[in-house]
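Reader: Please take a close look at one part of this model for me. I would like the details first and the wider setting after that.

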Amino acid sequence: MSQGLEHSLTSWSGQALKHQSSWIDELDARVRVVCAALFALVVVSSVSFVAVLLGLSFAFFVVKASKLNIKRTLRRVVAMDLFMLTLICVLPFTTPGDTMFTLFGLSASWQGLTHALLITLKANAVLLVLFSLVATMSASTFGHALAHLKVPDKLVHLLLFLVRYLDVISQEYKKMRRAMQARAFVMGTNFHTWKSIGYLFGMLLIRSIERAERILGAMKCRGFCGRFYLNDEMKITPLDRRFSAFFSCFLILLIGINVDDLLQ
Amino acid sequence: MHIVDGALSAPVLAGGALLAIVGIFIGLKKMDYDQLPLVGVLASVFFIASYIHLPLGFSSVHLIMNGLLGILLGWVAFPALLVALLLQVIFFGFGGLLVLGVNTLNIALPAVFMYYLCYRGIRHDSAKVAAIWGAIGGAGAIVITSIMVAFSLALSGESFVLAAKAVLPAHIPIMVVEAFVSYSAVYLIHSVKPDAIHRDLIS
């Protein structure tokens, strides 16, 4: 399984998640980033179960609307949920409250279970909305959107560099791994593996430091003076306005449900 | 290692985010435009490192390598790790959006600690001694990271205390692996390109 993981994740070079084109793609990148961030803020700070459930169902609606590959999306989310499963098993026993059942003298509480479920639902809702609104654009569009949203430009440049060179460095890594495999290297739980991987990582660092020097040289040669041009014009269209209005109404509804819950 | 959205309490989230922003600000101040390619490329090395899964008995662990990155980058590790974690959240779903501040702080602050702790040791003339300092940096960063993860969990509520106590022992295998891997990585760099370590990459 670890082999499969390694392969699928190192081949990402900043492209959007695979999906068919939908009306979500027509939306302005800034609107999508801001909406997703606000959604995360509201859902994570929710205290009401109803609000979080509503948020989650809205997240499913957005996933459907963005025409993401449902199977792949769920697989990503399930990876996280397996991790959450431990939380669901532990929290009922560590939270004081009304006893649900007793196991080896430890009592599991309803409050603990609700808490664990609430966390799981929140985490899922936020991820699904992020996937469908933000991950459906390419990573460089995301960087440009951040730049238009007045994120410090050094940070944006760093992001764009990371996106650009991720693929290059991962090619480098794969090349060296293949060379090791050609020499019959198989990973195991032993000192030899750790030493070899250490050498691999050290070599990766050296090669990337040298590559960085070459990149800087090439940039200097073209007169780089600390500024990149954002060559895409982002325009707010009527569709963006309608979507933002709808989205903010929904968020206000969620906030309202929470306030109502708190007042009771 | 990645804490997910919804688990931590609001004060912890806000405090973590605030401290992370301070760290990122210092990092960005220290970083020149000329160092952008270097930092970007090293951030992608970190990104790739977290996909190198090493088998460990029946399961596997992935490298984190924040210690070594910190030794090379110092405070600049903050922005470098932030962008890497941000992309991992959005495109792979590791961690969460609002806990990004806490996660960045938990991984980048130990890296900065290791920068100051190992600054002299890593520049030792003997490759062996330098490599031992590299191992200390690699393992030490994981120790501090797991303590910080435990703290951010424990501060978020009574019910997380048990989970917080489990964090440190759970990271012991990664600590050991990371120490050995960092040892050989520094040993190799010292023998092949000592310049990369002796010179300050970020001044």
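Author: One definition comes first: Lys and Arg count as positive and Asp and Glu as negative, while His and the chain ends are not counted. The model is predicted. On that count, chain B carries 8 positive and 8 negative side chains. The centres of these two sets are 6 Å apart.

Now the close look, at the strands of chain B. Strand 1 of chain B covers residues 53–56, and strand 2 covers residues 59–62. They pair in the antiparallel sense. Four bridges join them. One of the bridge pairs is B:His53 with B:His62 of strand 2. Together the two strands form a hairpin. Two residues lie between them. B:Gly57 sits in the turn, and its phi is positive, at about 65 degrees.

Next, the setting of that hairpin. Chain B has nine helices and two strands. Read from the N terminus, the order is α-α-β-β-α-α-α-α-α-α-α. The radius of gyration of chain B is 16 Å, close to the 17 Å that the globule rule gives for 203 residues, so chain B is as compact as a globular protein of that length. Along the principal axes, its C-alpha atoms fill a box of roughly 50 × 45 × 30 Å.

Then the packing. Of the 203 residues in chain B, 65% are buried. Among contacts in chain B with a separation of 6 or more, 76% come from residues 24 or more positions apart. Last, the surface. Chain B exposes about 7,000 Å², and carbon and sulfur atoms supply 72% of that area.

Key: Residues are numbered from 1 along each chain as its sequence is written. Chains are lettered from A and ligands numbered from 1 in the order in which they are written. This is a predicted model: local features need pLDDT of at least 70, side-chain atom pairs count only at pLDDT 80 or more; totals for chains, interfaces and linings use all residues. Side-chain values use heavy atoms; hydrogens and water are left out. Two strands pair if DSSP finds at least two bridges between them. The radius of gyration is taken over C-alpha atoms; the globule rule is 2.2 Å times the number of residues to the power 0.38. Buried means under 20% relative accessible area, exposed over 50%, partly exposed in between (1.4 Å probe, protein chains only). Contact means heavy atoms within 4.5 Å. Accessible areas come from the Shrake-Rupley method with a 1.4 Å probe; for residues, only the protein chains shown count as cover. The place of a charge is taken as NZ of Lys, CZ of Arg, CG of Asp or CD of Glu.
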